[in-house]
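Let's take a walk through this one together. Have the sequence and the model side by side, and we'll go from one feature to the next.

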Amino acid sequence: MIVGTQGRWPGRRLGVAAVALLVLGGVLSCVGGLGGYFFMPTRVMPSDHMRPSHPAGGSMVFNLLVTGVDRGDVVLFDAAAWGERHLSVERVVAVGGDRIAYAPGDRTLTLNGKPLDEPYVLNGDPVAGSPGAFSVKVPEGRLFVLGDNRGNSADSRYRFDVAEGGTVPVSAVKGALIDKDDPVVVGLRSALLPGGGLLLLGAVSGIAALRLRRRAVASAAPTADTVPAPGV
């Protein structure tokens with residue numbers, strides 16, 4: 001057995017440090033990569049139907065681990081509920097049990113009989129582009145969704161013939177918008193870089209430890225001059 005001055009393999013401490021660095025780096029990389037990018041991906045807004053809040057070409061971060069949806073949330077959902085094969089982004093204006101309505105001449109939509117305040121809509125016009133009067137009692141487990149640019153948004157108001165009151169099921173929601181500067185997002189994503197650095201340092205340390213051990217083994221191997229002759 002090849003041991004050091006304290007009865008340990010040469011490079012043992014370096015090898016232990018390498019393992020610790022690799023484990024820590026792997027954890028940080030997984031947390032940062034999966035948490036910060038896989039479960040909280042950044043998507044580019046493809047159209048201007050969510051202006052002015054989210055213009056075309058702007059980046060949006062969605063939390064795919066969303067556990068609940070409420071009025072005012074901007075959601076990413078599967079448009080299969082509308083007979084389309086893509087993901088769509090809209091704002092939730094009414095949830096199960098709500099009645100959302102509009103009558104020509106009204107300056108706002110009404111939610112449960114009261115004017116709905118929507119400061120986020122383009123030009124302060126929440127009824128722009130409305131195709132006609134409607135009054136929808138949102139079924140439980142479904143959502144009535146609209147774009148912020150009401151004059152240019154093919155939202156629930158135009159889906160009455162393909163879905164229940166133009167709504168989408170809560171189960172179709174894939175994620176909810178979160179602030180890209182949210183401390184959770186920033187913290188998770190910032191873990192990826194140091195995680196990768198620790199993985200690299202751990203790999204270098206592991207290689208160095210292995211080389212030290214190989215050198216020790218090579219230096220301790222018997223040579224022809226030290227091997228005793230037969231019969232001696």
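**Salt bridges, sheet and cores**

Start with a charged pair: Asp-48 and Arg-51 join their side chains in a salt bridge, with 3.8 Å from N to O. Keep in mind as you look that this is a predicted model. Both partners are partly exposed: Asp-48 has a relative accessible area of 26%, and Arg-51 has one of 33%. In general, side chains of opposite charge can pair when their charged atoms come close. The count for this model comes to seven salt bridges.

Now find Glu-84, which makes a salt bridge with Arg-159, their closest N and O atoms lying 2.7 Å apart. Here the link is between distant parts of the chain: Glu-84 sits in the loop between strand 3 and strand 4, while Arg-159 sits in the loop between strand 9 and strand 10, 75 residues apart.

Another pair to pick out is Asp-148 with Arg-91, whose side chains meet in a salt bridge at 2.8 Å, N to O. Asp-148 belongs to the loop between strand 9 and strand 10 and Arg-91 to strand 4, so this pair ties together parts that are 57 residues apart in sequence. Asp-148 and Arg-91 are both buried.

Seven strands make up an open sheet, running 1-2-11-3-4-9-10, with antiparallel pairing. At its edges are strand 1 (42–44) and strand 10 (168–169), each of which pairs on one side only. For a look inside the sheet, take strand 3 (residues 74–78) and strand 11 (residues 173–178), an antiparallel pair with three bridges. Within strand 11, Val-173 is the residue standing opposite Phe-77.

What about the nonpolar side chains? In soluble globular proteins, they tend to be buried together. The largest nonpolar core here has 15 residues, and Val-93, Ile-100, Leu-109, Phe-134 and Phe-144 are the ones that touch the most other members. At least two residues of this core come from each of strand 4 (87–95), strand 5 (99–102), strand 8 (134–137) and strand 9 (142–146). Zoom in on Phe-134: leaving aside residues up to four places away in sequence, Phe-134 touches Ile-100, Ala-101, Tyr-102, Leu-109, Phe-144, Arg-157 and Phe-160. There is also a second, separate core of 10 residues, among them Val-75, Val-95, Val-145 and Val-168.

How values were computed
Residues numbered from 1 in each chain as written. Predicted model: local features only at pLDDT ≥ 70, side-chain atom pairs only at ≥ 80, totals over all residues. Heavy atoms only, no water. Pairing = 2+ DSSP bridges. Helix = DSSP H or I, 4+ residues; strand = E, 2+ residues; numbered from the N terminus. Core = buried A, V, L, I, M, F, W, Y, C linked by side-chain atoms within 4.5 Å. Buried < 20%, exposed > 50% of the residue type's maximum accessible area, 1.4 Å probe, protein only. Contact = heavy atoms within 4.5 Å. Salt bridge = Lys/Arg side-chain N within 4 Å of Asp/Glu carboxyl O.
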